[in-house]
Amino acid sequence: MSEPPAPAPRADGETKSGKTVTAAMTAESPVPMQRHHAESNPAGKRLALLTLTALGVVYGDIGTSPLYALQECFKPEYGMAPTPANVYGVLSLIVWSLISVVAIKYIVFILRADNNGEGGILALLALIFQEDKEDGMSRTRLALYIALGLIGAALLYGDGIITPAISVLGAMEGLKVGAPAFERFVVPATLVILFALFLVQKKGTARVGVVFGPVMMLWFLTLTVLGLAEIVREPEILAAVNPIYALRLFATHGVHAFILLGAVVLAVTGAEALYADMGHFGKKPIRTAWFGLVLPALLVNYFGQGALILRDPAASENPFYLLAPEWFFVPLLVLATMAAIVASQALISGAFSLTQQCVQLGYSPRVTIIHTSKTEAGQIYIPEINWLMMVGCLTVVVYFGSVSALGAAYGIAVTGTMAITTILFHEIARTRWGWSAWRAGALAGTFLIIDLAFFGANIVKIEHGGWVPLVLALALFTLMTTWKRGRVLLRNILLTRSLPIADFVASLEHGGPVRVKGTAIFMTSESEGTPVVLLHHLKHNKVLHEKVILLSIVSRRVPEVPSADRITVEPLAHGLYRVKAAYGFMETPNVEDIRARLGEAGIKTKRMDTTYFLGREQLIAIDSRGMSRWRKRIFSIMARNSRSATQYFGIPPNRVVELGTQIEF
């Protein structure tokens with residue numbers, strides 16, 4: 001887990017004469033789908049379009065928080081009766097949480113920490129990897145950041161399971177208000193909607209994505225109108241913007257006010273999505289949407305809910321739906337359900353992208369990645385993750401059965417990730433931006449105090465459901481670190497069985513094996529030495545193709561690798577070539593595309609005259625050296641169930657030869 005990342009390969013490969021050969025990916029060549037980065041400074045109609053789209057993808061989660069956040073603050077377990085003083089205090093906490101956590105921390109500062117335009121906790125971790133050598137970072141310190149980043153990623157999966165459940169369940173609980181007789185259908189209706197949502201994931205988000213923005217714009221406008229109607233009746237509620245009311249709440253209620261933060265944090269869930277989705281839209285549209293519509297709409301709606309509770313304390317049972325006049329209840333229920341689906345979709349898609357990053361960064365075995373768009377590589381579908389998340393969502397809905405119960409599980413995942421993001425942000429501010437220790441420490445320290453306050457308030461919920469995301473995060477962290485460590489052990493074993501490439505080339509000068517027509521491409525995870533699969537091929541088949549390519553797929557710590565730097569070619573001798581193909585953690589390799597492009601470097605191949613040779617290892621755990629035996633067994637199971645290299649790398653199945661070997665480790 002703690003090993004430093006491998007150095008990125010050079011952009012060019014040296015030839016025997018010292019010259020370099022680079023195979024650039026040109027527009028005329030067949031190319032895989034490219035991710036389209038958001039413009040750095042869009043304006044006019046383009047800015048308006050990106051802002052509208054960002055409403056649907058980025059703000060679905062935080063936008064549906066008014067469904068349940070304020071009502072949870074007045075649940076009996078927090079000991080906050082809906083008195084005027086408590087209403088002002090709770091509302092002040094929500095207002096300043098939105099301002100300090102979302103507006104200042106994420107919108108103003110965290111969005112600055114982009115990895116070539118991409119955001120998210122793993123992109124932030126990869127950014128630290130890029131700085132470690134220049135910074136002289138110790139292995140222990142780097143290992144700590146790796147562990148924190150992986151824990152944060154694991155917690156995000158928990159968020160991805162809980163968010164769809166709590167969003168849809170919160171929308172469906174409106175039935176208790178408008179039609180109490182249908183209360184028993186809340187959970188079944190939630191299960192049906194979630195099942196249908198996961199069922200259609202394989203069709204991709206392109207078809208429904210165009211309506212996400214308009215739906216959320218209508219949602220935020222509705223929040224504003226409903227809130228304004230109550231503010232007009234009780235305008236004194238606006239005084240809650242004064243933070244003195246929040247301080248008085250702590251002075252009056254002490255520990256109970258601190259524990260209340262566990263419910264207040266529900267108002268800022270989804271803040272991580274701002275950062276994770278930065279690569280799709282860019283900073284400017286996200287900031288424009290937040291300050292131009294989202295923040296005002298949320299504040300107005302929360303003030304409206306507070307005004308309603310001031311006028312009618314019994315409304316604290318479900319202040320959101322009670323804001324609506326009776327004639328508007330059904331349309332509001334439908335709109336809330338649509339908004340909840342949008343929020344769920346954003347988290348599901350985010351889990352797919354997170355998994356792709358884990359695979360490319362070496363913390364997950366290969367999975368089935370299906371591109372659902374012919375033009376946008378960022379739109380992907382991963383069946384394994386989809387069905388696991390569906391089972392998780394349906395299970396938590398059945399287990400918890402209500403928003404109140406599920407809210408206990410929600411806060412741990414969100415606040416844990418927020419705190420980790422702050423710690424990683426501090427490292428970036430110091431090493432990448434050159435901030436002084438005082439400046440970086442003061443800002444990150446302030447953010448961390450807020451994050452840890454929220455996290456601490458949620459710790460008391462562990463026995464009431466908070467254990468769910470923690471157990472899930474621990475399991476995923478174990479799997480990710482086991483896979484990474486297992487690959488290191490396996491690599492070391494294979495290196496001992498390899499042969500220096502110079503020795504192999506020298507052996508060909510003295511007769512060597514019989515050469516046959518055609519091209520052989522040997523897939524190898526190592527960019528040095530002779531691939532073990534090549535040695536096995538010679539041992540068993542006694543022949544060698546007249547053209548041999550040793551192909552390594554190299555993952556870099558950047559979202560995308562420029563086309564000009566994609567492929568490097570190093571001619572060896574006797575028809576042998578070493579080819580390195582570099583991909584970023586947001587890209588999916590395609591070997592057939594690489595083969596087609598080698599012609600630009602002077603290596604002519606024919607598709608039907610090319611054979612791909614892959615190695616498949618059967619792993620047997622025999623001792624505890626390097627890693628516990630139980631973890632070795634888990635690694636073996638993960639390796640057996642990993643998606644085949646043929647499928648993952650886009651290799652024609654009828655052109656593949658697999659050579660197996662048994663490895664004791």
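## Two cavities

Two cavities of 30 Å³ or more are found in the structure. A cavity here is a set of points, on a 1 Å grid over the protein atoms alone, where a 1.4 Å probe fits but cannot get out, and lining residues have an atom within 4 Å of a point. Grid points are joined across faces, edges and corners, and a volume is the space filled by probe spheres set on the points.

This is a predicted model: local features need pLDDT of at least 70 and side-chain atom pairs count only at pLDDT 80 or more, while totals for chains, interfaces and linings use all residues. Residues are numbered from 1 along each chain as its sequence is written, and side-chain values use heavy atoms, leaving out hydrogens and water.

## The largest cavity

The largest cavity has a volume of about 40 Å³. Its lining includes Leu156, Asp159, Gly270 and Thr417. Which helix gives the largest share of this lining? That is H18, with four residues. (Helices are DSSP runs of H or I with at least four residues, strands are runs of E with at least two, and both are numbered from the N terminus.)

## The second largest cavity

About 30 Å³ of space lies in the second largest cavity. Among the residues lining it are Ile521, Val579 and Arg595. Helix H23 (591-597) and strand E6 (543-555) each supply at least two lining residues.

## A visit to Thr190

Thr190 sits in helix H8 (residues 186-199). Its relative accessibility is 0%, so Thr190 counts as buried (under 20% relative accessible area, with a 1.4 Å probe and protein chains only).

Notes
Buried < 20%, exposed > 50% of the residue type's maximum accessible area, 1.4 Å probe, protein only. 1 Å grid on protein atoms, 1.4 Å probe; cavity = no way out; pocket = protein on both sides within 12 Å on 5 of 7 lines; lining within 4 Å.
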